[in-house]
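Biologist: I have not worked with this structure before. Could we go through it together, one part at a time?

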Amino acid sequence: MIPRTRKARVTAVLGGAALLATALAGCSSGSSNSSSSSSVSGPVTIKLLAGGNDPVSIATANAYVKGFHAANPKITVTVETRPGGTDGDNLIKTRLATGNMDDVFLYNSGSLFQALDPDKTLTPLTNEPWVKNVSKDFKSVVSTPNGVYGAPVGTTFGGGVMYNKKVYAQLGLKIPTTWNEFIANSEKIKAAGKVAVLQTYGDTWTSQLFVLGSFADISAVDPKWASEYTANNPNAKYSKEPALDGFIHTAQVHQLGLMNKDFASLTNANGLKELATGEAVQYPMIGVVIGNVLQTNPKQVNDIGMFPLPAASAADTRLTIWEPGGAYIPKTTTGDKLIAAKKFVAWLNSPAGCAIQNKTGLPAGPYAITQCKVPSSAPAIAADTQKYIDEGKSGLALEFISPIKGPNLEKILIQVGSGISTAAQGAALYDNDVKKQAQQLGLKGWS
Amino acid sequence: MTANTTSAVKPAAAFTRTGGAPSARRKMKSFYPSWFFLPAMVLYVVFFAVPTFASFYFSLTRWSLFNIQFIGFANFVEFFQDPQLVNGFIHTFEYGFVTSAVKVVLGLLFALLLTGPVIGRGYLRAVIFFPVLVSTIGVGIMWKNLLDPFHGMVNAVLGFFHLGQPGWFTDPKLALMTIAGVDIWKGVGIATLIFMAGIVAIPQDYYEAARLDGSGSWQIFRSITLPLVRPAMGTVIILSLIGGLRSFDIIWATTGGGPGFTSDVIASVIYKEYQAGFYGLSTAGNVILFLVVTVIMVPISAFLNRREVDL
């Protein structure tokens with residue numbers, strides 16, 4: 001054996017112990033320094049967690065930070081990015097639970113916001129001056145009974161059928177108001193040699209529109225459906241009408257061969273290109289993706305419009321509306337940083353902040369706060385969305401009325417939409433997924 | 001002399017089994033004072049033992065990071081009732097056994113080829129081993145593009161010869177086996193390497209004696225190479241089976257378990273439950289994965305060990 005001195009052994013042990021101590025120290029939370037004056041005393045740096053890591057999210061976050069620093073030279077904001085989708089949900093929950101959240105973060109409103117346990121993790125913004133200008137709908141989706149926690153970032157937008165207006169005009173088609181008319185239109189489009197119903201399972205989340213985007217129709221048939229669904233009423237289930245329709249429709253467009261051939265691998269971005277050029281004509285989608293069309297096909301942005309996913313009867317056809325995401329401040333931000341963070345959140349909906357939202361975010365519908373206005377240069381889809389809202393033919397998406405959204409819906413609908421399982425099987429599977437989520441949230445009546 | 005497979009995350013245990021010569025086993029007395037092990041022990045307890053036992057507790061709870069509620073075995077019941085999870089189980093075994101079996105067969109064939117007199121042997125050995133060195137995620141993304149049903153190179157070539165153009169990763173019937181194929185492509189290099197080491201270690205005297213007795217090639221392979229390469233085969237089986245049963249990264253990089261749930265395995269289901277915020281349920285899944293891998297691997301490992309001693 002190699003001879004070793006006693007000194008070397010001691011060093012090794014101490015080295016190991018020191019390593020361990022540093023590793024453990026990394027786990028403890030940072031120092032907290034609470035003071036409650038109304039303006040920052042010296043230069044402050046705060047961190048902003050962007051709404052994703054896609055080009056639009058990053059560009060918007062950087063534009064906010066630059067604009068804000070110009071108006072408040074004492075406060076510097078640095079940007080961090082995060083993944084979107086379920087990976088992002090997980091990251092946000094973990095950082096909140098471990099006390100490591102950035103001073104301001106951008107995240108969804110509605111059911112995803114409720115899953116963050118806001119009363120324990122977020123700073124209430126109820127008494128901020130801008131709160132009175134926020135729409136009632138938006139306020140309800142960033143609040144708990146104890147307070148308001150978020151400021152709107154971006155516009156509301158519709159979820160329905162994005163369609164190519166030029167091709168609709170060429171083929172002499174009318175906007176369908178019933179599901180049967182939609183199918184009849186689709187058959188004509190298919191006969192004209194174009195893709196009637198575009199599906200893009202290459203991005204799994206896009207499979208959900210027939211179900212999520214028709215929720216306003218369900219609310220029109222049964223206004224109490226959402227509250228009964230939240231309370232585990234056996235009649236308000238996806239395996240029963242009227243909610244089953246969304247699953248049946250997903251299966252039907254596949255059975256009738258109305259979908260594009262490459263539905264299983266096509267991505268959202270490439271699908272939007274086909275829609276913009278008119279290769280594909282109808283795409284069940286949320287309007288907010290119009291920002292991507294601006295990037296790839298800027299000349300065709302105004303060729304794309306939106307109509308609601310039609311219900312069985314025209315009287316029940318409504319456009320489903322999504323509320324914008326919010327800007328939130330975690331409880332762990334205190335002192336000067338809290339003052340700076342509140343200033344930043346308020347600034348997002350100032351005239352300068354609205355200008356950035358209009359330029360980089362591209363409005364797809366009306367704003368949820370009166371300070372920001374949709375410019376006349378907004379894409380056509382924003383006007384279509386506004387029209388249904390003005391006519392009273394709109395309703396909120398389920399995720400803003402109920403805290404429960406099963407995490408596996410997108411995969412289940414891919415199974416239904418590719419013919420792997422039937423609509424009834426998929427709906428039953430999703431009901432069970434909903435049950436798991438409700439139990440996880442600790443809701444009454446589900447255990 | 002049971003194999004040390006206490007943890008699913010340590011396939012290296014299988015290596016030490018074949019690596020340890022009998023003479024080293026004889027004497028268990030340590031050269032070092034026991035306090036010398038203290039740093040390693042502390043690290044092991046803090047980062048391995050404590051989390052392992054904590055996970056047994058958390059698997060019995062409904063846990064949202066913010067709240068925790070004890071619910072007994074409900075997570076395990078849920079895990080076995082959910083059709084998607086049961087499918088994940090079946091897929092895991094299909095995937096594990098197919099990749100393991102093909103790696104053994106192909107690995108042995110390649111090893112025979114590459115220990116024999118072939119032109120460019122060194123080059124060929126390197127080529128077979130290269131995929132092992134590439135990041136799994138990189139391999140997954142590369143094959144996802146090569147096998148894209150409409151824009152991929154493989155289907156373009158097939159189309160040129162007027163052959164069928166299957167949706168490799170998008171056809172629910174093909175997806176899982178396509179991933180298994182990619183996994184084999186990536187992992188067969190390790191199997192080949194281990195078999196080559198095993199074959200080279202067989203003393204030449206046996207072959208010479210067999211040839212003098214007039215044995216044919218097939219007889220030599222059956223009666224000399226195959227029995228004497230068995231220790232290597234045991235290592236390959238154990239490594240590739242453990243790897244297959246807990247494989248995740250390549251599936252996540254290619255299909256994400258899709259289309260739908262058709263290529264989901266236990267590991268990807270656990271990851272999705274975790275992503276969805278079902279922390280208790282996904283911990284229960286990990287406990288199940290741990291138990292399943294242990295239950296399968298301990299007897300296999302013991303069996304292969306015994307054969308090794310018999311030789």
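This is a predicted model: local features need pLDDT of at least 70, side-chain atom pairs count only at pLDDT 80 or more; totals for chains, interfaces and linings use all residues.

Biologist: How many residues does α3 of chain A have, and how far does the helix reach?
Modeller: Helix α3(A) covers residues 85-97, which is 13 residues. From its first C-alpha to its last it reaches 19 Å, close to the 18 Å expected at 1.5 Å a residue.

Biologist: Which residues of α3(A) are buried?
Modeller: They are G88(A), D89(A), I92(A), K93(A) and L96(A). These residues cover an arc of only 130° around the axis, so they sit on the same side of α3(A). As a general point, an α-helix has 3.6 residues a turn, so residues three or four places apart point the same way.

Biologist: What do the buried residues of α3(A) pack against?
Modeller: They pack against three elements of chain A: β3 (104-107), α4 (111-114) and α5 (118-121).

Biologist: Let us turn to the sheet with β3. What is the strand order?
Modeller: The order is β2-β1-β3-β12-β6 in chain A; this is an open sheet of five strands with mixed pairing. The edges are held by β2 (75-80) and β6 (151-153), each with a single partner strand, so one side of each has no neighbour in the sheet. Neighbouring strands are turned by 25° against each other on average, direction ignored.

Biologist: How many bridges join β1(A) to β2(A), and do they run parallel or antiparallel?
Modeller: Six bridges join strand β1(A), residues 44-49, to β2(A), and the two run parallel. Within this pair, I46(A) stands opposite V77(A) in β2(A).

Biologist: Which helix packs on the sheet?
Modeller: Helix α15(A), residues 335-348, does so, touching β1, β2, β3, β6 and β12 (325-328) of chain A. The direction of α15(A) makes about 55° with that of β1(A).

Biologist: Now another strand, β10(A). Which residues are on each side of it?
Modeller: In β10(A), residues 304-307, I304(A) and M306(A) are on one side, and G305(A) and F307(A) are on the other. All four are buried, which leaves both faces of the strand covered. In a regular strand the side chains alternate between the two faces of the sheet.

Biologist: Which strand is joined to β10(A) by four bridges?
Modeller: That is β7(A), residues 157-164, which runs antiparallel to β10(A). One bridge pairs M162(A) with M306(A) in β10(A).

Biologist: There is a lysine I am curious about, K194(A). Where does it lie?
Modeller: K194(A) is in the loop between α8 (179-191) and β8 (195-197) of chain A.

Biologist: Why does K194(A) count as buried?
Modeller: K194(A) counts as buried because it has 20 C-beta neighbours inside 10 Å, and 20 or more is the cut-off for that class. Leaving out residues up to four places away in sequence, K194(A) touches V167(A), I189(A), E279(A), A280(A) and V281(A).

Biologist: Let us move to chain B. How many helices and strands does it have?
Modeller: Chain B has 15 helices and two strands. Of its 311 residues, 38% count as buried.

Biologist: Where does α9(B) bend?
Modeller: Helix α9(B) bends by about 45° at G187(B). The helix runs over residues 175-200 and reaches 37 Å from its first C-alpha to its last, close to the 38 Å expected. Of its 26 residues, 20 are buried, so α9(B) is largely enclosed by the rest of the structure.

Biologist: What about α7(B): which of its residues are buried?
Modeller: In α7(B), residues 136-146, the buried ones are T136(B), V139(B), G140(B) and W143(B). They fall within an arc of 100° seen down the axis, so they line one face of the helix. On the other side, G138(B) and N145(B) are exposed. The elements covering the buried residues include α6 (121-133), α9 and α13 (249-254) of chain B.

Biologist: Finally, how many residues of the two chains are in contact?
Modeller: In chain B, 31 residues are in contact with 35 residues of chain A. On the chain B side, α3 (38-58) and α14 (266-275) are the elements that give two or more residues. The largest share, five residues, comes from α3(B).

Methods: Residues are numbered from 1 along each chain as its sequence is written. Chains are lettered from A and ligands numbered from 1 in the order in which they are written. The expected span of a helix is 1.5 Å times one less than its number of residues. A residue is buried if 20 or more other C-beta atoms lie within 10 Å of its own, exposed if 12 or fewer, and partly exposed in between; C-beta atoms are placed from the backbone. The arc is that of the directions from the helix axis to the C-beta atoms. Two residues are in contact if their C-beta atoms, placed from the backbone, lie within 7 Å. Two strands pair if DSSP finds at least two bridges between them. Axes are lines fitted to C-alpha atoms, for helices over the stretch in contact, and angles run from 0 to 180 degrees between N-to-C directions. The bend at a residue is the angle between axes fitted to the seven residues ending there and the seven starting there.
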